[in-house]
Amino acid sequence: MFRSVPLLSKLHPRIGKQYHLKNSVRWFHVQSSSDLVNCEIASYSEPIYNNCRELISGCLSGFLPKTYSTSCSTLSHDTLKDNPVSDMLVDSFGRLHTYLRISLTERCNLRCQYCMPAEGVELTPGPRLLSKNEIVRLANLFVSSGVDKIRLTGGEPTIRKDIEEICLHLSNLKGLKTLAMTTNGITLSKKLLKLKECGLSALNISLDTLVPSKFEFMTRRKGHERVMESINTAIILGYNPVKVNCVVMRGFNDDEILDFIELTRERPINIRFIEFMPFDGNVWNVKKLVPYSEMLDRVVKEYPDLKRLQDNPTDTAKNFRIEGHCGTVSFITSMTEHFCAGCNRLRLLADGNFKVCLFGPSEVGLRDPLRRGADDHELKEIIGAAVKKKKASHAGMYDIARTANRPMIHIGG
């Protein structure tokens with residue numbers, strides 16, 4: 001079986017080698033926060049054992065199974081003891097929030113149809129956006145309270161002129177394990193080496209089509225080739241996996257699902273198919289939604305050896321691997337099978353507002369108290385009160401579509 005897809009050129013020489021494994025990976029894990037205790041490669045066709053082991057281990061990075069309880073809605077005393085998190089980050093349902101998404105800007109160099117209306121959106125004036133020092137101050141407050149992962153979003157985070165300095169300061173925060181970024185990839189390839197040197201450790205690149213003309217239609221801009229180049233660059237620089245976010249919309253790109261999956265055959269790419277979600281101004285319609293169950297049926301028919309991986313209950317994605325593929329396939333099912341019970345995410349918007357749920361309209365302001373001279377204790381009280389009000393789950397997709405919320409460009413991807 002072979003499907004014709006655009007090739008990613010300029011790959012690292014090791015990427016693309018054929019390694020044939022025969023039921024070769026066995027996992028051994030324990031009830032703790034450790035990831036992988038042992039991974040054995042039982043048989044392989046590549047004669048150089050060390051190279052094979054290095055490549056396969058690399059391809060699996062980020063998808064290592066862990067053993068946890070099946071739900072994060074309640075947490076045991078042992079879990080709290082092993083993960084010392086401030087009460088500020090624990091909601092009334094016992095969920096620990098150790099993942100903070102920070103929007104650096106509302107500006108973007110694309111105009112994606114599912115993100116903003118054609119006429120654009122009113123942007124917050126620059127002086128009312130958080131400065132670099134304010135971002136670092138608030139991030140440090142969260143990290144010192146137990147947050148161990150930060151994701152930088154936008155708008156488009158790479159168009160912020162001080163992005164490298166922000167990454168450097170954040171990556172040096174004591175207790176932070178992962179500094180990630182979600183980007184559209186338009187300007188990424190020229191900046192990625194420096195960003196990696198400044199501590200950027202994980203990467204999601206948004207790409208909704210492999211067809212340049214479709215890309216221009218969806219984003220209202222040119223740039224498909226530059227996004228592909230950014231994916232190439234990320235692979236060459238060793239990001240593993242390179243996560244590629246694809247919002248699936250019926251009648252637009254749902255015919256490309258299998259083509260996207262072919263990108264995972266020889267490359268450490270995680271394709272993440274995302275159900276189309278409603279936000280202000282994106283003209284959401286249930287007829288455009290391709291549910292997870294339908295996407296999965298299509299994939300299984302073409303790849304019957306698709307296997308479900310062990311997911312962490314805090315994962316937003318359902319993760320799969322196809323036998324013989326270096327990369328992986330995931331589905332983000334926000335609309336048809338929500339994952340609210342395991343939600344550990346909080347959001348700091350570019351204007352300093354704080355959201356506890358992507359789909360909830362409630363926000364509290366942190367910028368003004370910060371600029372009035374609020375100390376850490378006062379800021380923690382504001383944050384903690386908002387976290388405690390977080391609901392058990394978001395509303396259904398039809399209710400979300402009727403609820404006033406901000407455009408995605410304001411919230412951050």
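Predicted model: local features only at pLDDT ≥ 70, side-chain atom pairs only at ≥ 80, totals over all residues.

Mentor: Residues are numbered from 1 along each chain as its sequence is written, and side-chain values use heavy atoms, with hydrogens and water left out.

Trainee: How do you know that the span of helix H3 agrees with its number of residues?

Mentor: Helices (H or I, at least four residues) and strands (E, at least two) are DSSP runs, numbered from the N terminus. The expected span is 1.5 Å times one less than the number of residues. For the 14 residues of H3 (residues 132–145) this gives 20 Å, and the end C-alpha atoms are 20 Å apart, so the two agree. Just after H3, Gly146 has a positive phi of about 130°.

Trainee: What makes the pair of Phe142 and Phe354 tilted?

Mentor: The structure holds 6 aromatic pairs. Rings of Phe, Tyr and Trp (its six-membered ring) pair if their centres lie within 6.5 Å; planes under 30 degrees apart count as stacked, over 60 as edge-to-face and the rest as tilted. Phe142 and Phe354 have 5.7 Å centre to centre and 40° between the planes, hence a tilted pair. Phe142 belongs to helix H3 and Phe354 to strand E13 (residues 353–355), so the pair ties together parts that are 212 residues apart in sequence.

Trainee: Why is the pair of Phe217 and Phe252 called tilted as well?

Mentor: The ring centres of Phe217 and Phe252 are 6.2 Å apart and the planes lie at 35°, so this pair is tilted.

Trainee: Why are helices H4 and H5 called roughly parallel?

Mentor: Axes are lines fitted to C-alpha atoms, for helices over the stretch in contact, and angles run from 0 to 180 degrees between N-to-C directions. Angles under 35 degrees count as roughly parallel, over 145 as roughly antiparallel, 65 to 115 as roughly perpendicular and the rest as oblique. H4 (residues 163–171) and H5 (residues 188–197) pack at about 25°, with axes 9 Å apart. H4 and H5 are therefore roughly parallel.
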